[in-house]
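Open the model in your viewer and keep the selection tool at hand. This tour says what to select next and what is there.

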Amino acid sequence: MNVDIETSARAHGELQQTLWEISQTTKSTVLPGASSLTRARATLPSSLDANGIGFESARRHILEDIVPAFNNSSISPNYYGFVTGGVTPAALFADSIVSAYDQNVQVHLTEHTIATDVEYAALGLLVDLLQFDREWQNGTFTTGATASNILGLACGREYVLRTALSRKGVASLRSVGESGLPETLQAAGLSGLQILSTMPHSSLVKAAGILGFGRANVKDVSSKSDHLQFDLDLLEAELQRSDKATIVAVSCGEVNTGHFATGGLDEMRALRTLCDEYGAWLHVDGAFGIFGRILPETPEFSIIKKGCEGIELADSLAGDAHKFLNVPYDCGFFFCRHQGVAMDVFQNANAAYLTAGKSDAQLIPSPLNIGIENSRRFRALPVYTSLLAYGSSGYQQILQTQIRLARRIAGWLFDHPKYNVLPEVGSKRDLLERMFMVVLVSATDDKLNHQLTTKINATSKMFVSGTSWKGRPACRIAISNWRAEETDFDNVREVLESIAGSD
Ligand SMILES: *Cc1c(COP(=O)(O)O)cnc(C)c1O
């Protein structure tokens with residue numbers, strides 16, 4: 001194999017420069033042109049070349065054919081699809097180091113590398129950012145909030161079934177991870193598991209399918225008047241069932257609206273009390289909403305702060321780093337209040353060559369024993385570097401700007417005759433006070449509303465995700481890029497005004 005390290009290193013340097021230039025200049029176009037896409041597709045090889053085309057040709061192919069057909073979802077602050085985030089300069093720097101050094105962060109080997117120590121320290125910095133007690137520095141970095149939800153439900157499954165066994169006085173089985181789900185359920189005298197939630201993210205339902213709860217056993221326990229709020233009577237009635245073990249899942253930041261399932265410490269306390277009484281596990285999906293905790297204590301953000309209040313009462317927390325923290329994909333995080341439970345679920349048993357050496361290694365668990373993967377990317381390093389570089393006030397600034405931009409957009413749309421801001425929560429003031437960083441909007445006219453997402457995205461001046469709200473199409477303007485500015489409002493207004501005017 002002809003590997004020229006020097007050429008490769010030089011190319012890497014040039015790429016960094018290219019990326020930096022792109023990130024400085026591209027403010028508007030968010031999608032690749034149709035011709036770039038067609039051209040790129042035509043260059044895809046139909047089979048593997050036995051001798052390879054050489055690094056120089058491969059490099060040219062990537063930069064000239066493939067890259068122009070990428071979208072600018074992370075690079076442009078005017079990309080409001082999904083909740084995408086961008087990549088901070090510190091995170092971009094760190095991610096290049098991650099690729100170059102390619103540390104495998106799976107076993108804590110104190111004399112071989114500092115990587116696991118850095119990962120553990122990054123969890124600690126994140127705990128500080130989120131204003132949790134350092135007791136919460138018990139968890140791991142995952143590939144994203146979907147994986148974090150899988151971890152949360154898996155730990156919950158272990159815990160609730162163990163609780164059910166001990167309440168029944170069964171001593172012969174100890175762990176679902178060890179004995180398997182069917183045998184544990186049978187010994188506990190249960191027919192299955194269920195998840196009680198309000199407007200859970202689709203990934204939680206997916207996790208329920210993977211882990212043997214069954215997607216059909218994710219049940220809505222919302223109040224009739226507000227589908228995001230818990231109906232505590234309904235919740236308790238479901239918790240009382242003697243045939244099912246239960247996890248209660250809180251949507252801390254609902255993906256369509258950015259609204260919160262709970263509204264303060266008292267509500268979280270009520271959930272905690274019910275879970276304790278019935279042996280249930282309390283899981284919080286805070287993929288992006290959890291970061292509401294970093295906002296200052298001012299009236300401007302008090303409703304958002306309330307939405308994330310008391311989530312330290314949960315048993316497990318799932319979050320995304322590749323969204324609001326603006327580090328590259330794939331990066332999420334998982335925290336758990338109970339040490340040891342993850343180990344019972346995920347332990348990579350009987351592999352002597354993968355055990356940590358020193359006794360002080362016990363302090364930091366080997367990631368392969370508390371999460372899904374064995375070999376793992378050093379995805380903690382961009383988080384570590386970005387948190388070190390910008391600190392809590394840097395991230396606070398980013399979030400404040402995003403929320404203020406969202407509120408400017410929402411306030412203008414509220415008064416616009418051709419648009420509705422959803423959900424309709426009453427007065428403009430109520431709407432703006434509850435507004436996080438996602439604006440959900442529809443057009444009043446049905447014909448325009450059906451084409452709204454397509455028309456907005458066709459401008460390539462901004463990008464939104466289409467969704468549906470109460471049976472009508474709607475668009476989500478989700479602001480999550482670190483480069484967003486309040487003045488981006490002018491661009492959004494121009495696009496939406498031109499679409500409303502042309503109708
Ligand atoms: C994005 C999101 C997820 C899934 O996260 P991935 O990073 O895509 O795996 C889960 N829950 C909520 C609330 C989300 O917004």
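This is a predicted model: local features need pLDDT of at least 70, side-chain atom pairs count only at pLDDT 80 or more; totals for chains, interfaces and linings use all residues.

Residues are numbered from 1 along each chain as its sequence is written, and side-chain values use heavy atoms, with hydrogens and water left out.

**Stop 1: the ligand**

Select the ligand and the residues that surround it. There are 14 of them, and the closest are Thr 146, Asp 285, Asp 320, His 322 and Lys 323. A residue is near a molecule if one of its heavy atoms lies within 4 Å of it. Colour this shell by residue type: four residues are nonpolar, seven polar and three charged. Here Ala, Val, Leu, Ile, Met, Phe, Trp, Tyr, Cys and Pro count as nonpolar, Asp, Glu, Lys and Arg as charged, and the others, Gly among them, as polar.

Now select helix H6, residues 145-168, which supplies the largest share of the shell, three residues. Helices (H or I, at least four residues) and strands (E, at least two) are DSSP runs, numbered from the N terminus.

Next, look for polar contacts, which are pairs of N or O atoms within 3.5 Å; within protein, one must be able to donate a hydrogen and the other to accept it, and residues adjacent in sequence count only if both atoms are side-chain atoms.

- Thr 146: a polar side-chain atom is 2.6 Å from an oxygen atom of the ligand.
- Lys 323: a polar side-chain atom is 2.8 Å from an oxygen atom of the ligand.
- Ala 145: a polar backbone atom is 3.2 Å from an oxygen atom of the ligand.

**Stop 2: two helix pairs**

Select H5 (residues 115-129) and H14 (residues 380-414). Their axes come within 9 Å and cross at roughly 25°; axes are lines fitted to C-alpha atoms, for helices over the stretch in contact, and angles run from 0 to 180 degrees between N-to-C directions. H5 is therefore roughly parallel to H14, a term for angles under 35 degrees.

Then select H10 (residues 232-239) and H11 (residues 265-278), whose axes come within 10 Å and cross at roughly 15°. That makes H10 roughly parallel to H11.

**Stop 3: the loops**

Where is Met 199 found? Look in the loop between strand E3 (192-197) and helix H9 (202-210). Met 199 has a positive phi of about 45° although it is not a glycine.

Go on to Tyr 329 and Asp 330, joined by a cis peptide bond with omega about -5°. Asp 330 sits in the loop between strands E7 (316-320) and E8 (332-336).

Finish at Leu 422 and Pro 423, where the peptide bond is cis and omega is about -15°.

Terms used: Angles under 35 degrees count as roughly parallel, over 145 as roughly antiparallel, 65 to 115 as roughly perpendicular and the rest as oblique.
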